[in-house]
Structures are given as structure tokens and as C-alpha cells.
Amino acid sequence: MIYNEQDPKQILEYARRLEKNTIRETNTVFETNEGAATKSTSPKYMGKDYQGKGSFGQVLEEQYFGKKNDSVSQPDFPKAKMELKASPLKRLKNNQIRVKERLVLNLFTYMDIDKETFGTSHFKMKDTLILLVFYFYDNSLNPLDMTIDLVDIWECLKEDERQIRQDWEDIVKKVHDGKAEEISEGDTLYLGACTKGTTTLSSMQRQPHSDVLARGRALCFKTSYINHIYNVLKAKGNEREQRFVTKKDATFEETIATLFNPCIGMTGEQIQQKLGIKVEGKAKYAIIARMILGFNRKGMHGKRFYEFDAADIQVKSIRIEKNGGIRENISFKPIQYKELVTQDWEDSDLYQELTSKFIFAMFRKTDDDSDYYLSGYRFWNMPEKDLEVAGQEWFRTKAAILRDDFSDMPKMRDHKVIHVRPHAKNKLDEMETPSGRMEYKRSFWLNRDYVMKTIVGIQKASS
């Protein structure tokens, strides 16, 4: 073998020959032949028909590293204790590069993970030192001909041990509590538990502390976290600012409390005076909420802190009237019509947004109607049962776009969770459809009644 299988640095050096090339161009399938490295043209690799979602990873493992693809419970490079993972990229219209999907790590059973501690976990043994290969996905190409953009090593416990451990423990706690069926990818920040299996029925598993069957799941790095990893590794060696909102020896949620709590009971105007800012316009209270958390004016629509970037935490505001009602539905990003129809639900933009963690700042109308005051805030993620309902409406939307029938989008009266409606600045604010014609922009929206019941109605005021 041309690299020392016990040395992660040598494996990385060998792997980096792929950067800015394709596997075919690099032309390096190596096998060990009596201790000597020889180029292989073995038909057992070259003649194999690679198909499916993980085909690039299989090609990479077998035709570049000369390793048989299998499902053994040890790292791909056992002597180096390092796992090999491939992550697809996509290029947006503005030429920015984004990770296409979450990074699935390994399947687990509820019966087995219930017996583990974090220190003895299969995850810690297999997935904490990862050789990452980021490549540009193109379904029109053979996996051999997809260009590799970046190759590097990520040590998640060296970078983010406290949050990764917390995420793992939050997942396992639901198993311990007999609530595995309630696990949602949105429960956690970096490490998620994604569903696996072609249908819900075929993927159901037993759990140790309940008779209720639960969908089979795998541990994964959430899309936001793997996208963050890509950006960090891409910037490696360059001078870059890295700011943490989390205070030393405090959790993320504890730190958020120290920022929000001093402002509880203050009006929007009083908070602006406290922060030394002046904000007007429709998004006034959303901007105030972000600036309480430390975003500056330039960053108020972006991410300036490590945790917000790595977990893609959404900060939103809700204005509550004196009668306890709210005016607004909660909107998401405009639907990319041509892109949505190429996506699967669990890799879709909407799924990624709904499985993010949200911070909702609650502003209530003052008694004299002159302003709104900050009454509290809460962390929220969509429960699994509601996420399944949103998925049904997403599929309905996809079908309507494919039929070019934009009158058949989910409406607010159709369901209690989510709907589709215009989100355009004016009639000229349009987007191209798969049929080639232009349609004004639309977004998914959380229904106002759903927000009232699920978010505002069970608001936990901070103390």
C-alpha cells in the first residue's frame, strides 16, 4: 500500500491527490500485492455497476482506496481509527457553494444504543475522526467523473465535543424515556438522528422501554453542520474571525438566557436605547431580537457566531396583540421551483429549515398601544408528528409544480400546520418553473393558528 494505514496524515496526503480532479483522472486504484503498491485494473472493481444515492462513496472507497465496501462496525481505516465519508456539493445561482444533504454516519438500533454511554458509544468509536471528500454532484455523470473540490480531516470532538455529546445524550434520553417514536432531527443542533428506510412501515423497530414501534434511524451530521465544516475547512490556513456566542462553562441555551433575560419586560424602544441602535420598518422586532443576541447591523440577516452558523439556528419574532392573538403567519425562504422538483423530502430546503432549531422572541402589545415589549422567548423545533404532516404538504406542492398547476398548492384552510402562498415584492417578482414559464414567488408558511397553539400558546417565559 502506498500510504501507512496507521497514519491519518499519510492517508490524507494520498487522498488529497483527488482535489480538483475526478477519480477517473486521478486513475489510482491501488491494491497491496506482496507489500508493493500496484495500479489495479481488476474487473471486480472496474466492471462493477454503481447505482443509487451512495454510488460516489462506493466508487471512492473501492476504486480509489481499493477497499471493499461493507457495513462492518469499525472505521474504514481501522488502524488509523478513521472513517471515510463523501459529501456532495451543489453550486447555487449566485455561484455560492453549499452542501447538498446531511452526512449519514451509521445506523443504530434502539435496543443497542440504550445500553451505551457516550464514552462507550459506537459513534465515538467510529465517527469522531473522519476523512471528508467533498465533491460536486451531477446526476448526469458517472461517479468516476464527478469533480472533487476539497479533501480534509474533521475531528468533531476536538472542535465541538460539548455540543456533540449533548446532542447524542438528548437523542438517547428519548430512548431511555420510552419515547423513541418522538425523536426528531430538529431536537438537536449538530448531531442528528435521521430516519432510514424506504417506507415508514418497513423501517419500524422495537424500543426497550415502550411497546410502541418507532421508525429506524441513523446518526448523522445535520446539513447545517456539515456545511459549516466545509466552510471551516475551506478557510483553513486563511485568517478568519471565529466568534462564539456561548460563554465559558455554560451551555448554548444558558448563554442565550443571559442575553435575553435583561431585556424581558422592556419595550422595543427601551431595548434600542439600551443597545444604542435605531431600527424602523416591518422587520423591526426581528432585527431587535437578533441584535440582543449580538448580531451587528451588517450581520443581522446573516450568521456571525459559530453556533448559529454550525446549527443554522433561526431567530424569529412574534408580535402578540392585547387580545392574545397574533397577526402574522411565519414565512420561509422562497420556493425554488426548478430545484424543489429534483429533491427528496428529507434533503429538501423545507425539511432542512423545519429541522433547524428556532429561537422565537415574543413581543406583546403594551397597555397604551404605543409599542410592544419583550415578554419572553423560547427554543422550538417542529415535533416529529407535525414534520410528517409538513412532508405530505411538500409532496403535494411538488406534484402541483410538476403538473404546472399552481392553483393546487396547499392552502391555509386545508391543513392546520403549513401552507403555500405568495411571497413576492410585486407581480414582477417572479421565478422560472420547470415548464419554462415564469410564476411569481411563493413560500411555505406556518399557519397562524398553528403558531398560536404550538409556539405562543405554550410559551415558557424566561426567568
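A residue counts as buried when its relative accessible area is under 20%, as exposed when over 50%, and as partly exposed in between (1.4 Å probe, protein chains only). This is a predicted model, where local features need pLDDT of at least 70, side-chain atom pairs count only at pLDDT 80 or more, and totals for chains, interfaces and linings use all residues. Residues are numbered from 1 along each chain as its sequence is written, and side-chain values use heavy atoms, leaving out hydrogens and water.

**Overall picture**
- The protein chain holds 16 helices and 19 strands; these are DSSP runs (helices H or I, at least four residues; strands E, at least two), numbered from the N terminus.
- Of its 463 residues, 52% are buried.

**Helix α4**
- Helix α4 covers residues 55-64, and eight of its 10 residues are buried, so the rest of the structure largely encloses it.
- The buried ones are Ser55, Phe56, Val59, Leu60, Glu61, Glu62, Gln63 and Tyr64.

**Nonpolar cores**
- A nonpolar core is a set of buried Ala, Val, Leu, Ile, Met, Phe, Trp, Tyr and Cys residues joined through side-chain atoms within 4.5 Å.
- The largest one has 66 residues, and Phe123, Phe134, Phe221 and Phe308 touch the most other members.
- Helix α7 (residues 156-176) contributes the most to this core, giving seven residues.
- Another core, of 36 residues, lies apart from it and includes Leu354, Ala390, Met431 and Phe444.
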